[in-house]
Amino acid sequence: MDKRQNRYAYFYLLPAISVVLVSAIIPLMTVVNYSVQDSFAGGNFFWMGAYWFESVLGSREFYGALVRSLSFSALVLLIQVPLGIYIAVHFPAKGFLSALYLVLIAIPLLTPWLVVGYIWKVLVMPNAGLLGAAARALGIPYDMNNPVVVWLTLAAMDSWHWTSLVVLLCFAGLRAIPHAYYQAAQIDGASRWAVFWHVQLPRLRLALLIAILLRFMDSFMIYTEAYVVTRGGPGVSTTFLSHELVQTATVQFDLGEGGAISIIYFLIVLCVSWAFFSLIRPRDRAQSKGYS
Amino acid sequence: MKRKIPLAATLYVVLLMVPIYWLFIMSFKTNAEIFGSLTFWPHKPTLENYRAVLSDYAWYKGYLNAAIYVCMNVALSVLVAIPAAYGFSRFRFFGDRFLFFGFLALRMTAPAILLIPFVQIFSELNMIDTHLGVAIAHSFFNVPIAIWILEGFFSAIPPEIEESAKVDGYGQISIFSKILLPQIAPGIAVTAFFCFMFSWVELLLANALTTVNAKPIGAIMTRLGGVLSANVALLSAASVLTLIPGIIFVIFVRKHLARGFSLGQVN
């Protein structure tokens, strides 16, 4: 398919760009503004240069939150990606059961984030919650003051919430594999594992790239669900980057430091997104579409 | 392929449904039963919790507020995304790749980053506690999502159709309205559904940008529910009601779930 070179194409983008100008570009520039200034009594601003950045980069709270956020993302990816692939491979391929299961597994994805947190908060209550009561019946109290238990709870909650995303994308990817591939593998006498490794997995590349990108980003920005369950505690053990940022900017009302955290946060998002974008939409393919 | 019960998938579905089931039965229990002995179904089912939520304006206006700003956001996002997606799918121009990536990066931006500037900008504009304010705020992720999904739908239509229409004497506007839009209509519906859901589930911004008149149900749950923190039964009923749009949604777009959730990249 050929794309035409057209310098008037910008007119098609104009409405969308005007909207994100208000809803993203101007707010982001405001954040940049905060990050290089200090304000007194709201009205007077002073140039601070890189002061806030130096202060944030030297702050143990910031590193703590960053490390916790990255660890949480790594943990949920390690659980959700293999589990999602496994379920997708073993998912009923067609028929009523397939349609029913697809509808059911999508429900957690469409649950408001606050309600996700609420469901899990209740689930671990010692007397009213299923998990809390089960733990009590086994004689181990469900201790939400233990950081390990809290982390496992959040990882379970996030996996309950989002593993289906990986399943849906991989399932769609698997369905797109032509049947002839499986026949060829069968003729070669390939084992179940060989079929997975040499036929299915390579064809899941795009689905997995998108799934990992989305799961990384959405877990890296986690706020509401985790806050409802843990309020960032015990201590600061589940205070993630978004919590740290909102805490700094709205509770301590430290706009300069909040701005600097925001910029660093945004740069991480930008770099990771770019890495994935260049894999999802390689430049070569774009150019072969005919840059005349 | 042999026919057998898919064990792993079934187990997975059951595990996913357990928390939903627990929420569902709690919404039909009384607080006395919830905090009394552990029961696996409501022994004395009651509709009192639903009656309480649906008869109190302070509660049910939260659903109306959320529905209003979500619908405004969907209209705004889809409307501006249609021409943009068309432009990306059909033309090459300086910076096209960069701009297409830029929209993706906005989708990936954490709402917490934009929270403070939003509060400040909307205060200046007197738009705090308005539905339009939340609708505009949510467009920072929904416009990119809509553009990416629609770009996939536009790219699936061969450009030859437009070229032959041009030969037949159609102008650019009538090609768009009479030929492309009818073909893209299912794609627009899918996009609108997804924008609806992504705005429906967000709370951080929706809560921060509203005070009284436009508060969504989630914020009302934390505020009223926080005061009555022992009222698990009432909060459960309110939560179950927030799931209804998602359940209706998933039945309509079950064939397009992968497409929508993958930003149009996996069909």
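This is a predicted model: local features need pLDDT of at least 70, side-chain atom pairs count only at pLDDT 80 or more; totals for chains, interfaces and linings use all residues.
The contact between the chains involves 97 residues of chain A and 94 residues of chain B. About 8,800 Å² is buried between chain A and chain B, and 77% of this area lies on carbon and sulfur atoms. On the side of chain A, the residues that lose the most area to chain B are Tyr12(A), Leu110(A) and Tyr118(A), which together account for 9% of what that side buries.

Polar and charged interactions also cross the interface. Between chain A and chain B, 17 residue pairs are in polar contact, with both residues at pLDDT 80 or more. Two salt bridges are found across the interface of chain A and chain B. A salt bridge links the side chains of Arg281(A) and Glu151(B), with an N to O distance of 3.1 Å. Helix α1 of chain A (residues 10-35) gives the most to the side of chain A that touches chain B, contributing 17 residues. By residue type, that side of chain A consists of 73 nonpolar, 18 polar and six charged residues.

Helix α4 of chain A spans residues 96-106, and its buried residues are Ser98(A), Tyr101(A), Leu102(A), Val103(A), Ile105(A) and Ala106(A). The cover over the buried residues of α4(A) includes elements of both chains: α7 (147-175) of chain A, and α1 (7-26), α12 (232-252) and α13 (257-261) of chain B.

Notes. Residues are numbered from 1 along each chain as its sequence is written. Chains are lettered from A and ligands numbered from 1 in the order in which they are written. Side-chain values use heavy atoms; hydrogens and water are left out. Buried means under 20% relative accessible area, exposed over 50%, partly exposed in between (1.4 Å probe, protein chains only). Helices (H or I, at least four residues) and strands (E, at least two) are DSSP runs, numbered from the N terminus. Contact means heavy atoms within 4.5 Å. Buried area is the accessible area (1.4 Å probe) that two parts lose on being put together, summed over both. A salt bridge is a side-chain nitrogen of Lys or Arg within 4 Å of a carboxyl oxygen of Asp or Glu. A polar contact is a pair of N or O atoms within 3.5 Å; within protein, one must be able to donate a hydrogen and the other to accept it, and residues adjacent in sequence count only if both atoms are side-chain atoms. Ala, Val, Leu, Ile, Met, Phe, Trp, Tyr, Cys and Pro count as nonpolar, Asp, Glu, Lys and Arg as charged, and the others, Gly among them, as polar.
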